[in-house]
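Have a look at it first, then read on.

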Amino acid sequence: MSLNIKKKHLVHCTQAALFTIALASCGGGDGSDTTTKPPIETPPAVDTTPNNYNFVDQTNLANSIEVISNEITVSGINSNTTISITGGEYSINDGAYTSAAGTVSNNQKVRVKALSSATSATTVNAVLTIGGVSGTFSITTAEAVVVIPPSGIQVDINFDTKHSVGGIETFDRQKFITIHSSPSENDWGENDGQSRNAPNEDPDLMVNFVTDNDVYFGRVTGSISWALRNVNEDPTKTGFVDEASATKAGGNFRWTYANSTAKKHVDARLPQIKARALDMIQGAQQHPYWPEGTNINALTGNAWSFSQTNTQAEPLGTATGHFISQYLSKFFKNNDTDTWETKPKYFEVMNEPLYDLTTVRNPNDANYVTPLAAFKFHNTIKAEVRKVAENNDIQVGGYTVAFPDFDKDNFQRWEDRDKLFIDTSGAEMDFYSIHLYDFPCLGNTEKYRSGSNMEATMDMMENYSRIAIGEMKPYVISEYGAASHCERSLGWTPKKDTLVMRATNKMLMSFLERPDVIAKTIPFIVVKAEWGRTTQNGVSIPYGPRLMVQKFERTGVTTETEWVYSDIALFYNLWAEVNGTRVDTWSSDLDIQVDAYVDGDDAYIILNNLEFDEADVNLNAFGIDTANISAVNIKHLKTDNWTSSLEESNTSSLPDSVTLDGEGTMIIKVTYNTDITVNQTSEETKYYSSDFKQAITANTAITFDINDVVVGSNGEAVLRLGIGRDHGKSLTPTVRVNTTEVTVPVDFRGYDQETGAVNPGRDNYFGVIEIPVALTALQEDNTVTIQFSDSGGFVSTAALQVFNSSQALTRTK
């Protein structure tokens, strides 16, 4: 710091003192008094040069921040004087800061403000000049600190921070831990412990399975067909069910359920079992419910079929809907005092209709069904069900799409089917029903939907539904998992079970991120499925995937016929205890899915690996005193040579790191000495753009507006871009959120969709790219600008996930 020091010169003035002497005369002479006059003072000279002043230098500062100096007091002047600054701004008496020249008076107080350098270890000088005297305020940034990022994959768990998604904050086992079965299904076994051709090794199979693993029942599609075979055609109205016949058949069905001594009915009536079947799904198949002349065998033995009339007064499907309304209202309990079977909560109009009615049929044939006709059929069924007051508590939905390949034929499949369904039936349906499957071995390809593809699929449905009808109808995901075509003709194999469990865990982790828009999810895991056996080359092949297999399928000993658990039971063993309030988690790698829940003095950390190779994961615990952890139990679902096992270990502390098997899942139960305190919050909201599905043209900006966003002072945000393009096209566009350019990651969830672990992948890329965005870049109304360097494909959706938290979230980066 340099300082100009003013030297004051003292002027010494000598004045003569005058003395007045009074003289007295003798002899009475006349005299006079003489009074001395004060001297005339000389006014002081004008002084505009202040005393010296000092600013305190500041060092070790952050880059690019405003720094305010200490306060100095102007002194030593007797008149206003000039003030100016270079390299900063000044403030007089705590007024507004300015860089313009001005004037200052004696005893006024002055501060200086300057911006630190954007470069480390650099000094910036702000020079203030008052009346020709200068003072320098020096500010120096800190030396650059080389931060070595932590090695490996980091997973953070903030145990004290509740994570709610659209207001949902707890783990709902009834929604997520389910089996594709009902409590009265024959496959659980009859009253003698037999099931068709062999006994269950566990005579209390159903009760023990669902209570030991805390599992809920999910879906059946066969009961309605049994009911249809037991009713007659209305003799006065061709193609319609006779209502009196339906009343009688329904009464017999209800009586049998309430009074039968068969074990399946006795067990189904147990309170702990009934409580697990309160939101069942039922649905119809294409045949004979699609009206095209398919025969129905009634009690009388006379063949009949549903009316194919299609008029304004009787739209196609009216007769089908009439029967469904009779079935739902007359075969189940209608009030809390009835002892009959609880009616289903959800009814799917038809299971996977377009595959059989549209995809595999020739458009030139008379039996070809257009998607529009199938969707109008859905509306007709819903209207018929609602005509019966007892059915008002049943939700009707569809279209139970088998293959939601929205990007097929450059998104023409979306236009012709799924968009058309929302446009035609979205407002009428109570829920959207979809099926999601990985195809890990389809021919010589690996076509996985889990990971980024599933995210893009669900984002597209949610976004367009909000645009088209103003809301997102809840999802019922009534089947999900893996279709293992390479194992299909082999009967039961450990590999088949492994492929199913891998897909089920991957998808379940994604579903858990959307609890606010999901009503029910059911992995396609059936009990025994003897009804689904097929014969190939003279060999009987069981249906699958199955919870139960016969012991000889495992051992090869033909005399061991008892029904025992398949490896798929390991999925339920793994998830058996998870419960509680969701807490904040974060992974530095999108391929490591993470979730966590706190339930009293227990916490559950769930890790899943989307990659094919094992991964080392570092665990970072925050918001909890790790010294007060009393026990840790680790369950690791892993694979060796295509055989799955549940490896279990115990320790007294949370490990610093774990090794997660390729496509493996791990659940770590942490037991604390007292209830874990969860007193912070992170509230997640997803905002979708009002724009949708925009074509990509090279070097041409695409814009999406995302408005009405609530941005807090703490938290995080993620921009989700759905992108569908041919392989080889860029997946890293230039992206701006408002005026801020954001960094687009080169990685995304799961595999690259082009190449699998061994075989080629999907025909093209369709997935979500997840881009972190600082909250400071967001505002209430936002414009996202996207520009690619090459042409082709579409940006299907743009959405913002915003996490507003009560405190800054700890992240190990």
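## The disulfide

The link of C441 and C486 is left-handed, with -65° about the S-S bond. The sulfur atoms of C441 and C486 sit 2.0 Å apart, and a disulfide here is a pair of cysteine sulfur atoms within 2.5 Å. The structure holds one disulfide. As a reminder, a disulfide is a covalent bond between the sulfur atoms of two cysteines.

C441 belongs to strand β21, while C486 is in the loop between β23 (475-482) and α12 (494-511), so the pair ties together parts that are 45 residues apart in sequence. Helices (H or I, at least four residues) and strands (E, at least two) are DSSP runs, numbered from the N terminus. Is C441 buried or exposed? C441 counts as buried, at 10% relative accessibility. C486 is partly exposed, at 31% relative accessible area. For these words, buried means under 20% relative accessible area, exposed over 50%, and partly exposed in between (1.4 Å probe, protein chains only).

## What kind of model this is

This is a predicted model, in which local features need pLDDT of at least 70 and side-chain atom pairs count only at pLDDT 80 or more, while totals for chains, interfaces and linings use all residues. Residues are numbered from 1 along each chain as its sequence is written, and side-chain values use heavy atoms, with hydrogens and water left out.

## Rings and charges over rings

A search of the whole structure turns up 41 aromatic pairs. Rings of Phe, Tyr and Trp (its six-membered ring) pair if their centres lie within 6.5 Å; planes under 30 degrees apart count as stacked, over 60 as edge-to-face and the rest as tilted. Take F403 and F439: their ring centres are 6.1 Å apart and their planes are at 40°, so this pair is tilted. F403 is in the loop between β20 (395-401) and α10 (408-425) and F439 is in strand β21 (residues 431-442), so the two tie together parts that are 36 residues apart in sequence. F439 is buried at 12% relative accessible area, whereas F403 is partly exposed at 33%.

One aromatic cluster is formed by W226, F253, Y289, W304, F306, F323, Y327, F331 and F332. There are also charges sitting over rings, meaning NZ of Lys or CZ of Arg is within 6 Å of the ring centre and within 35 degrees of the ring normal. K113 lies over the face of Y97, 4.6 Å from the ring centre, and R254 does this over W340, at 3.9 Å from the ring centre.

## A nonpolar patch

F403 turns up again here: with Y355 and V360, F403 makes a nonpolar surface patch of about 270 Å². Patches are made of residues with over 30% relative accessible area and no salt bridge; like charges are joined within 9 Å, nonpolar side chains (Val, Leu, Ile, Met, Phe, Trp, Tyr) within 5 Å. Accessible areas come from the Shrake-Rupley method with a 1.4 Å probe, and for residues only the protein chains shown count as cover. V360 is found in the loop between α8 (353-359) and α9 (371-386), and V360 is partly exposed, at 48% relative accessible area.

## Salt bridges

How many salt bridges does a search of the whole structure find? The search finds 45, each a side-chain nitrogen of Lys or Arg within 4 Å of a carboxyl oxygen of Asp or Glu. In one of them, the side chains of E71 and R111 meet at 3.9 Å, N to O. This pair links distant parts of the chain, with E71 in the loop between β2 (66-68) and β3 (72-73) and R111 in strand β7 (residues 109-115), 40 residues apart. E71 is partly exposed at 33% relative accessible area, and R111 is partly exposed at 27%.

K686 forms a salt bridge with D459, with the closest N and O atoms 3.4 Å apart. K686 lies in strand β37 (residues 680-688) and D459 in helix α11 (residues 452-469), so they tie together parts that are 227 residues apart in sequence. D459 is buried, with a relative accessible area of 0%, and K686 is partly exposed, at 21%. Salt bridges that share partners join E455, D459, E462, E513, R514, K686, R720, R749 and E770 into one network.
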